[in-house]
Amino acid sequence: MFLKFQLFKKSTFLLGCTLLVNPLFAQKKAATIYHGQWIDFNKNGIKDVFEDPTQTIDRRVENLLSLMTLEEKTNQTATLYGYGRVLKDELPTAKWKNEIWKDGIANIDEQLNSLPFHPKVTSQYSFPFSKHADAINQIQKWFVEETRMGIPVDFTNEGIHGLNHDRATPLPSPINIGSTWNKEMVYKAGLMVGREGKALGYTNIYAPILDLARDPRWGRVVETYGEDPFLVAEMGKQMVLGIQENGIASTLKHFAAYSMPKGGRDGNARTDPHIAPKELHELHLYPFKRVIQEAGVMGIMSSYNDWDGLPVTGSKYFLTDLLRKEYGFKGYVVSDSEAVEFLLTKHHVAQDYKEAVRLAIEAGLNVRTNFTPPSDFILPLRELVKEGKVSMQTLDSRVGDVLRIKFRLGLFDQPYVKDPKAADKIVHTADDEAFVTQLNRESLVLLKNENNTLPLDKNKIKNIFVTGPLAEVTNYQLSRYGPSNNKVTSVLQGIKNYAGNTFNISYAKGCDIVDATWPESEIIPTPLTANEQVSIDEAVAQAKNADVIIAVVGEDEKRVGESLSRTGLGLPGRQFQLIQALKATGKPVVLVLINGQPLTINWENRYVSSILEAWFPGPQGGKIIAEALFGDYNPGGKLSVTFPKTTGQIELNFPYKKGSHNGQPGDGPNGFGNTAVVGALFPFGYGLSYTTFAYKNLTVTPEKQFGQGNIEVTVEVTNTGKMKGDEVVQLYLKDMLTSVTTYESVLRGFERVMINPGETKTVKFILQPKDLELLDKDMNWVVEPGVFKVKIGSSSEDIRLEKDFTIIK
């Protein structure tokens, strides 16, 4: 009978690691397989090459493969989803000896993290943190000691909103992180996520998302850093470097061309992206290529869409030719859930599931992930090898990639969490809480501030009316891909906490987030119901007695996110009617936007006093929004996505091809009367401040350079206002004459700097040859001779200074 695991005495090899182990095996296995500086994983009494830490990783992989059976190799090609998904047990049981993972497994995903979403799964081992680290050690010990080859498990978990674990430190949504334009803060966020993952026993974090938000209707805009490939690459690189500095892996999502499903449709569609070949490489693949090459990322998640008829997870072009041969990727590829199955059920390029398995393995997939037992993939793969339809050479190559990462992670030298008890002091510390609060602050973007309505004057304002359907709710501050069970603060509560007894705070909801007929009401307007009119009237009555109105409006997690997409981008439900009624009171109206995608708030922008974009902040959202409204913090974030005026303009984003965004004359060949809608509501890179900044003394050195030399750019920025603030200095580059039509300009540098009133700071950029490249007519990356214009400014449209340099032959 399999007995409960007990604590055992620390062994010499485990360097102080305290584990929970089965007493039947503790003394025997500890005495026979743990040998000071090496472990006898295959329990043969010999130090094999793969067990020798002094050998190269390639030699260790080669030796291990030579000792593995077909069953053991195929088991390294599948994920075992954790407790509550596929696993029925929190800890190993006697039955595991009869399960397919008796021969090992590639990875175990989201094990014991107490995920409260889809479905709600709680575990007694998720908290305290030390208890989880002990439990992971116990599971790892089973695989090391109870399987023939003892191959350790890669414990994976999500991490785009912070580590996806019970009470870990929460990050704001990725669109918030992108809006900070702060590379140093993103690196620190990665360090934190990796540190917490390592302490809890996770060895591989599924983050960051490098998809571009080119279509604002797409539901997962909230989970991206933005629409621009350079910005996404810079932010993603820092997140990877931070995570992997902790000795664990980062896995990029979602490779490739995932974020542009036809019509922005998410849910069961998510395919048929209309992306031209040059655009694919210049925009959508650009962040992946750079992060792979510059950060040495260890993991890639393959997406379940197609591109130009090629389902990515079954495509040798994407998974082998691009990833490994061109980009030099050295890690392993895990499929997005159901990506292999979609080769059969969605794309219909396989006649049965077995054929789908063959296509994926031949293409370059290493590990299949889905919410079904791993045997679903492993058993057909074994048949394919036995039938000669998948060669042993191919299988060895795919398994070798997985083993290589396990060696790089040190799992064959130290497979266990060294000090489980330390997790209680490492995860979600007071310093972590202070850091993410600052990260939330820096994500706020001030979109409008007429007559300096903000910050609110504490000496003149006594009565504040808070309204709107997003004022009291908090669910948007949590995520299926982030920490759970943390205390959250609503915007209303944050304002009340800040106000104390200084102000009189009144509140009325005004309306619900959506009306009863939504989403049909986005295309077929319906009159207000009696109850809806009463709710708005109650809000207006209270608003008349206020000095200022703070309306918290937008979307929640049920309106934007994975498997969600919208037909329109206006405020859903009756929120627009509420804003109109509030404006009619004559009182100043401040909008606080809670949303995950750009909104077409044209009327609101014209008529309300101020607009503060908060996106989907973390649990500190209410606190940081209150601080910004009252001037304790000066918003300095910038938009990482373009706000269109209407969905009819989509795609409207940055960068864009020359001529494609030109104004449309009302009486010209493309217009009639004055019906044209031209330009963005808010352009890429846009964001205001409570202070002002002046730019001067732009220098470009040298002004003539060969194609493989660097260009240094410096500019001086002065805070000309009365409040300290952050400015995001942005460098755009325009290639004046090109052999193919390319982009009007491209972002090639940005720095966020805090400047005190009256202070001047010098900001320096280095343009490298790769920053000047374009894809020529033969699809080669080249730097073409000619004139380039450096454009420095506060947004893509607010350019303050320009200067040319020339690339000579």
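Trainee: In which hand does α7 pass α9?

Mentor: A crossing is left-handed if the near helix is turned anticlockwise from the far one by less than a right angle, and right-handed if clockwise. Here α7 passes α9 in a right-handed crossing. The model is predicted: local features need pLDDT of at least 70, side-chain atom pairs count only at pLDDT 80 or more, and totals for chains, interfaces and linings use all residues. Residues are numbered from 1 along each chain as its sequence is written, and side-chain values use heavy atoms, leaving out hydrogens and water.

Trainee: At what angle do the axes of α7 and α9 cross?

Mentor: Axes are lines fitted to C-alpha atoms, for helices over the stretch in contact, with angles from 0 to 180 degrees between N-to-C directions. For α7 (residues 229-244) and α9 (residues 286-295) the angle is roughly 35°, and the axes come within 9 Å. Helices are DSSP runs (H or I, at least four residues), and strands likewise (E, at least two), numbered from the N terminus.

Trainee: How many residues of α8 are buried?

Mentor: Six of the eight residues in α8 (277-284) are buried, including Leu280 and His281. Their cover includes α7, α9 and α10 (316-326), along with strands such as β26 (774-775).

Technical notes:
Buried < 20%, exposed > 50% of the residue type's maximum accessible area, 1.4 Å probe, protein only. Contact = heavy atoms within 4.5 Å.
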